[in-house]
Amino acid sequence: MSDRELRVSKIRNGTVVDHITAGQALNVLAILDITTESGETVSVGIRVPSDRLGSKDIVKVEGRELSQDEVDVLSLIAPAATINIVRDFDVVEKHRVERPTEVVGVLSCPNRHCITTEDEPVESRFDVLDDGIRCTYCDTIVRDNIAEQIDVA
Amino acid sequence: MSHDHIISAKQLSRADIEEVLDRAAEVAEDPESFADRHENTLLGLLFFEPSTRTKMSFTAAVKRLGGDVVDMGTVESSSVKKGESLADTVRVVEGYADALVLRHPSEGSAQMASEFVDVPLINAGDGAGQHPTQTLLDLYTIRESAGFDDLTIGIMGDLKYGRTVHSLAHALTTVDADQHFVSPKSLQLPRSVRYDLHEEGATIREHTELEPVLPELDVLYVTRIQAERFPDESEYREVAGEYQIDTETLEAARDDLTVMHPLPRVDEIAHDIDETDHAHYFQQAHNGVPVRMALLDLMLGGDE
Ligand SMILES: [Zn+2]
């Protein structure tokens, strides 16, 4: 295996988010608040052949572990995702995402009259419904394109 | 009353509602016996947008319980203008009062504010969101005039933006009322309200005309259709005209039909209805005082 391949496929310490719904990798980066300026070493595979899903996306982030809030939102846009925590090139923890009953932070409410969109010391909070999410504060329901509500700081 | 704060009509069970309405009926029956029940109680009024009527009603309620108000005044004269957050404002003012009443233009503001205070907080309207004391006084008026048993109600006007309608419709599911919604297509119930009503097992029947459903109704709740909801004046006039009622319209109604309106009205209820037995909207507005007295009494521990 060449150096170049190794760099793309393996990380030393960090997180591999695998089995992401095809086409959602860039939204996963947005959830993790990763941009070209944010400094992490990241590799992204888009529409990689997969036995389980036909095709999938995959994101590997060096030196970064995910918070529960990030995992919760991730589960909404990539319900089949698996999270692999890597230390010293070994996968030390591997788990599937679970659909939470609520998500806190990460997303922002699309209602521009919602108190959570103002300069108040409060995080966004959504109840997770069978087919969408609902703002705990203003009751606005988001059914389609939840990824559009990812808060890009 | 098991609630620390009154944020939304949605949090109220049938038992909660009946408890408040029963207490309101006691107040209306014998106001004297409540006159000094809450001496030295101070109610903090935080009105971030003008609503003179609601403010007067809360002020009258606490004064008739023997208490008084401390009033933030207008936003222009307060620290808010200097950019203070709502979370900070309520945390300061809770030190001055035994309970707070909040009116704020942002939806969810009362919910958020309640997370920062220990004294009871009552939502007196959060933008297009909730206004639970309006709902309670509406329910009181309905119970007094038509009763809750086998109730058939028509709710007409702006059902999309009308927050009183959203709260009322939700609360009426607790008494299994038969609800008919009458509005122009463009002002039908929003998605989140339909969702709630479905969750509560209510059947939503929507109409664009009042005529076919009017003869069945025990109560007709009329709301105002605002001109700013329409792209131009002529379209507004054309649409709004179809949702105005007068004595001629009501010829097809039951003799004991109760007509309600959260007021102020413009021209959706003709003045010729005022003198008929159908008109309950002024009584409805007056009911705000005993209902708010009852709610304050229960929240401030009037059971001893
Ligand atoms: Zn919201």
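Is B:Glu206 buried, exposed or partly exposed? Select B:Glu206 in this predicted model: with a relative accessibility of 30%, the residue counts as partly exposed, because that value falls between the 20% and 50% limits.

**Second stop: the interface of the two chains**

Show chains A and B together. The contact involves 17 residues of chain A and 19 residues of chain B. About 1500 Å² is buried between the chains, and carbon and sulfur atoms contribute 50% of this area. The interface holds 2 salt bridges and 9 residue pairs in polar contact, counting pairs with both residues at pLDDT 80 or more.

Select A:Arg134 and B:Asp196, which form a salt bridge with their closest N and O atoms 2.9 Å apart.

Select residues 288–299 of chain B, which make up helix α10. The helix has 12 residues and spans 16 Å from its first C-alpha to its last, close to the 16 Å expected at 1.5 Å a residue. How many residues of α10(B) are buried? The count is 12 of its 12 residues, so the helix is mostly covered. Among the buried residues are B:Val291, B:Leu295 and B:Asp297.

To see what lies over α10(B), display the surrounding elements of chain B. The cover includes the helices α1 (14–29), α2, α5 (132–145) and α9 (281–286), together with the strands β1 (42–47) and β4 (121–126). After the helix, select B:Gly301, which follows α10(B) and has a positive phi, near 75 degrees.

One of the elements covering α10(B) is α2 of chain B. Within that helix (residues 52–64), select B:Thr59. B:Thr59 counts as buried, at 17% relative accessibility. Leaving aside residues up to four places away in sequence, B:Thr59 touches B:Leu45 and B:Val69.

Select B:Asp158 and B:Arg229, whose side chains form a salt bridge at 3.5 Å, N to O. B:Asp158 lies in the loop between β5 (152–156) and α6 (163–172) of chain B, and B:Arg229 in the loop between β8 (219–222) and α8 (233–241), so the pair ties together parts 71 residues apart in sequence. B:Asp158 is buried, with a relative accessible area of 2%, whereas B:Arg229 is partly exposed at 33%.

Next, go to the loop between β9 (258–260) and α9 of chain B, where B:Pro264 is placed. B:Leu263 is found in the loop between β9 and α9 as well. What kind of peptide bond joins B:Leu263 and B:Pro264? The bond is cis, with omega at about 0 degrees. B:Leu263 also has a positive phi of about 55 degrees, although it is not a glycine. At 16% relative accessibility, B:Leu263 counts as buried.

Colour chain A by domain: domain 1 covers 14–96 and domain 2 covers 102–149. Their C-alpha centres lie 23 Å apart. Between the domains, 9 residues of domain 1 are in contact with 10 residues of domain 2. The domains bury about 690 Å² between them, 79% of it on carbon and sulfur atoms. On the side of domain 1, A:Asp69, A:Val73 and A:Leu76 lose the most area to domain 2, together 64% of what that side buries. Across this interface there are 0 salt bridges. Helices α2 (25–31) and α3 (68–77) of chain A each supply at least two residues to the side of domain 1 that touches domain 2. Of the elements there, α3(A) gives the most, with 6 residues.

Finish at A:Asp88, in the loop between β4 (82–87) and β5 (90–96) of chain A. Phi of A:Asp88 is near 55 degrees, a positive value in a residue other than glycine.

Conventions. Residues are numbered from 1 along each chain as its sequence is written. Chains are lettered from A and ligands numbered from 1 in the order in which they are written. This is a predicted model: local features need pLDDT of at least 70, side-chain atom pairs count only at pLDDT 80 or more; totals for chains, interfaces and linings use all residues. Side-chain values use heavy atoms; hydrogens and water are left out. Helices (H or I, at least four residues) and strands (E, at least two) are DSSP runs, numbered from the N terminus. Buried means under 20% relative accessible area, exposed over 50%, partly exposed in between (1.4 Å probe, protein chains only). Contact means heavy atoms within 4.5 Å. The expected span of a helix is 1.5 Å times one less than its number of residues. Domain bounds come from an automatic or database domain assignment. Buried area is the accessible area (1.4 Å probe) that two parts lose on being put together, summed over both. A salt bridge is a side-chain nitrogen of Lys or Arg within 4 Å of a carboxyl oxygen of Asp or Glu. A polar contact is a pair of N or O atoms within 3.5 Å; within protein, one must be able to donate a hydrogen and the other to accept it, and residues adjacent in sequence count only if both atoms are side-chain atoms.
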